[in-house]
Amino acid sequence: LGLGDYLRKCGFSKVHLGLSGGIDSAIVAYIAVKAAGKENVKVFAMPSKFSSEGSIRDAEKLAQNLGLELETIHINNIYESCLRELTPFFRGREFDVAEENLQARIRGTLMMAYSNKWNSLLLTTGNKSELSTGYCTLYGDMAGGIGVIGDLFKTDVFELCRDINKRDGEVIPEEIIAKPPSAELRPEQKDEDSLPPYTVLDGILKLYILDNLS
């Protein structure tokens with residue numbers, strides 16, 4: 001309802017998003033189809049060398065379940081080109097969040113270019129847990145026109161996906177729900193490398209943000 005109203009009020013009929021094979025983009029794609037109709041939703045896979053084959057397969061399966069065609073834009077060449085240009089300024093420094101975020105920002109740039117060219121609203125996929133801890137990349141996966149699940153904690157996203165599958169059948173592949181969350185911006189990365197488990201984190205965030213505790 002919220003997404004559909006926003007589209008009508010802002011004069012958009014088409015939406016698009018990056019489909020990573022993760023649970024956040026999965027639920028946003030599902031909501032987009034419900035709000036705008038599958039004929040008005042475009043989804044893109046933008047794999048890098050760190051993207052797992054499993055995530056790519058999961059994105060393909062989700063798109064198929066939703067009746068969407070998954071377009072693929074490989075970002076490796078753009079990423080390597082950016083790194084070459086930055087070599088004089090990064091020399092002597094270890095691979096860190098700079099190289100990780102560069103990938104997200106390349107994806108954001110490509111998706112915003114598509115938005116401008118086709119007057120399509122880019123949907124962002126960050127959830128409340130990520131936004132609250134700075135785990136979304138500014139100008140990267142935060143690029144776009146509306147944060148569809150920005151007020152849902154990560155544990156809420158999991159619950160909602162399970163609820164949808166109980167009601168509609170396995171629309172969101174079980175592999176997406178079951179696998180450990182990862183941004184896949186470096187080898188073997190897991191969200192829990194730098195965040196507490198979401199069951200713990202969300203409890204803290206609810207006390208801090210919703211109950212206004214110190």
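1. Start with Arg8. Arginine 8 is exposed, and its relative accessible area is 58%. Keep in mind that this is a predicted model. The partner of arginine 8 is aspartate 5: their side chains form a salt bridge, 2.6 Å from N to O. Aspartate 5 is partly exposed, with a relative accessible area of 26%.

2. Where do aspartate 5 and arginine 8 sit in helix α1? Helix α1 covers residues 2-10, and the two residues are 3 apart in it. That spacing separates them by about one helical turn. Side chains of opposite charge can pair when their charged atoms come close.

3. Helix α1 also meets helix α2, which covers residues 23-36. Their axes come within 8 Å and cross at roughly 60°. The two helices are therefore oblique to each other. The crossing of α1 past α2 is right-handed. On the α1 side, Leu3, Gly4 and Leu7 make the contact.

4. Lysine 49 and glutamate 80 join their side chains in a salt bridge, at 3.2 Å from N to O. The two are 31 residues apart. Lysine 49 is in the loop between β2 (41-45) and α3 (53-66). Glutamate 80 belongs to helix α4, residues 76-90. Lysine 49 is partly exposed at 49% relative accessibility. Glutamate 80 is partly exposed too, at 29%.

5. Next comes the pair of lysine 179 and aspartate 58. They form a salt bridge, and their closest N and O atoms are 2.9 Å apart. Which parts of the chain does this pair tie together? Lysine 179 lies in the loop between α8 (174-178) and α9 (198-210), while aspartate 58 is in helix α3, so the bridge ties together parts 121 residues apart in sequence.

6. Is aspartate 58 buried or exposed? Aspartate 58 counts as buried, because its relative accessibility is 9% and buried means under 20%. Lysine 179, at 23%, is partly exposed.

7. Finish with the wider picture. The structure holds 10 salt bridges. Some salt bridges link up into a network, which includes Glu100, Arg186 and Asp193. Find these three residues in the model and trace how they are linked.

How values were computed
Residues numbered from 1 in each chain as written. Predicted model: local features only at pLDDT ≥ 70, side-chain atom pairs only at ≥ 80, totals over all residues. Heavy atoms only, no water. Salt bridge = Lys/Arg side-chain N within 4 Å of Asp/Glu carboxyl O. Helix = DSSP H or I, 4+ residues; strand = E, 2+ residues; numbered from the N terminus. Buried < 20%, exposed > 50% of the residue type's maximum accessible area, 1.4 Å probe, protein only. Axes fitted to C-alpha atoms, helices over the stretch in contact; angles between N-to-C directions. Parallel < 35°, antiparallel > 145°, perpendicular 65-115°, else oblique. Left-handed = near helix turned anticlockwise from the far one by under 90°. Contact = heavy atoms within 4.5 Å.
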